[in-house]
Amino acid sequence: MRKYKLGPNGSIIAAIDMLAVRAQEIKSQIMDIGANYVLIDTPGQMELFAFRSVGSVLINRLSMDRSAVVFVIDATQAQTPSGYVSSMLLALSTQFRFNMPQVNVLNKIDLLDRSVVDEILEWGGEETDLLREALMSNQANKLEADLSVRLSDILTAIGTIPKPIPISAKTGEGLDALYRVLHNVYIGGSDYDYLE
Ligand SMILES: Nc1nc2c(ncn2[C@@H]2O[C@H](COP(=O)(O)OP(=O)(O)OP(=O)(O)O)[C@@H](O)[C@H]2O)c(=O)[nH]1
Ligand SMILES: [Mg+2]
């Protein structure tokens, strides 16, 4: 920020652009480590990373043979029906932008009661009416309710959005399930049902 006299957003943009330019060099340094798994953490400000073309350029350049995007949803934001729909739309737009296998996770479940987590997971289940009903009963404003229901209908119609895997980065809960799903993606399996 000081060197280029940029604000926080401009600095993130400049840093990503610089990374993209040096992506091959960074990738070969990563390969030299010889790790079984490599995790690359990207900035959460989606308009600065996922929604700029250099974001997907960088992802493509750093990707190895078997790579997947893990999209992290904050469970506390997704606990209201409209918050859930907004989170899933963001997950969908990342899937659309990167066009890579994507796993969605619902993080911070340690902050919510298990019953609330279960309700969120049901919204992503087969019973699509559950989300619809929750949206209708939670919105005081009719316009907002209509819009949310229509957006959730889009999510249902698209149908390929993987339901989120509940995890806690803090307690480690659910990480084994995430590992299993990622392993499935790596070996080319399509079975996403981690509960089986
Ligand atoms: N209770 C709880 N807190 C968490 C969990 N995961 C992250 N946090 C906290 O949430 C805050 C934000 O975590 P970060 O990892 O910086 O979030 P981020 O999404 O990477 O943020 P950006 O990189 O800015 O997008 C920190 O205070 C973390 O300790 C979790 O599973 N449970
Ligand atoms: Mg972060």
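Leaving aside its neighbours within four places in sequence, which residues is Leu106 in contact with? They are Ile73, Ala75, Ala78, Ile120, Pro164, Ile165, Pro166 and Ile167, where contact means that two C-beta atoms, placed from the backbone, lie within 7 Å.

1. Basis. This is a predicted model, in which local features need pLDDT of at least 70 and side-chain atom pairs count only at pLDDT 80 or more, while totals for chains, interfaces and linings use all residues. Residues are numbered from 1 along each chain as its sequence is written, chains are lettered from A and ligands numbered from 1 in the order in which they are written.

2. Overall layout. The protein has eight helices and three strands; helices (H or I, at least four residues) and strands (E, at least two) are DSSP runs, numbered from the N terminus. Their pattern along the sequence is α-α-α-β-α-β-α-α-α-β-α. Taken along the principal axes, the C-alpha atoms fill a box of roughly 50 × 40 × 30 Å. Of the contacts between residues at least 6 apart in sequence, 72% join residues at least 24 apart.

3. Burial. Of the 196 residues in the protein, 22% are buried. A residue is buried if 20 or more other C-beta atoms lie within 10 Å of its own, exposed if 12 or fewer, and partly exposed in between, with C-beta atoms placed from the backbone.

4. Sheet. The three strands form an open sheet in the order E1-E2-E3, with parallel pairing; two strands pair if DSSP finds at least two bridges between them. E1 and strand E3 (165-166) are at the edges, each with a single partner strand, so one side of each has no neighbour in the sheet. Helix H8 packs on the sheet and touches E2 and E3, and its direction makes about 175° with that of E2. For that angle, axes are lines fitted to C-alpha atoms, for helices over the stretch in contact, and angles run from 0 to 180 degrees between N-to-C directions.

5. Strand pairs. E1 and E2 run parallel and are joined by six bridges. Ile73 stands opposite Leu106 in E2, and Val70 has Val103 of E2 as its bridge partner. E2 and E3 pair in the parallel sense over two bridges, with Leu106 opposite Pro166 in E3. Five of the six residues of E2 are buried, so this strand is largely enclosed by the rest of the structure.

6. Core. The largest nonpolar core has 24 residues, of which Ile73, Ala75, Leu106 and Ile120 touch the most other members. Such a core is a set of buried Ala, Val, Leu, Ile, Met, Phe, Trp, Tyr and Cys residues joined through C-beta atoms within 7 Å. At least two residues of this core come from each of strand E1 (69-74), helix H4 (81-98), strand E2 (102-107), helix H5 (114-123), helix H6 (128-138) and helix H8 (175-186). H4 supplies the largest share, four residues.

7. Ligand shell. Pro43, Gly44, Asn107, Lys108, Asp110, Leu111, Ser168, Ala169 and Lys170 surround ligand 1; a residue is near a molecule if its C-beta atom, placed from the backbone, lies within 6 Å of it. By class, the shell has three nonpolar, three polar and three charged residues. Here Ala, Val, Leu, Ile, Met, Phe, Trp, Tyr, Cys and Pro count as nonpolar, Asp, Glu, Lys and Arg as charged, and the others, Gly among them, as polar.

8. Positive phi. Lys108 is not a glycine, yet its phi is positive, near 70°. Lys108 lies in the loop between E2 and H5 and is buried, with 20 other C-beta atoms within 10 Å. Lys5, also not a glycine, has a positive phi of about 50°. Lys5 belongs to the segment before helix H1 (8-21) and is exposed, with 8 other C-beta atoms within 10 Å.

9. Ala68. This residue is in the loop between helix H3 (53-62) and E1 and is partly exposed, with 16 C-beta neighbours inside 10 Å. Leaving aside neighbours within four places in sequence, Ala68 is in contact with Met100, Pro101, Gln102, Val103, Leu182 and Val185. The C-alpha atoms of Ala68 and Asn184 are separated by 11 Å, the two residues being 116 apart along the chain.
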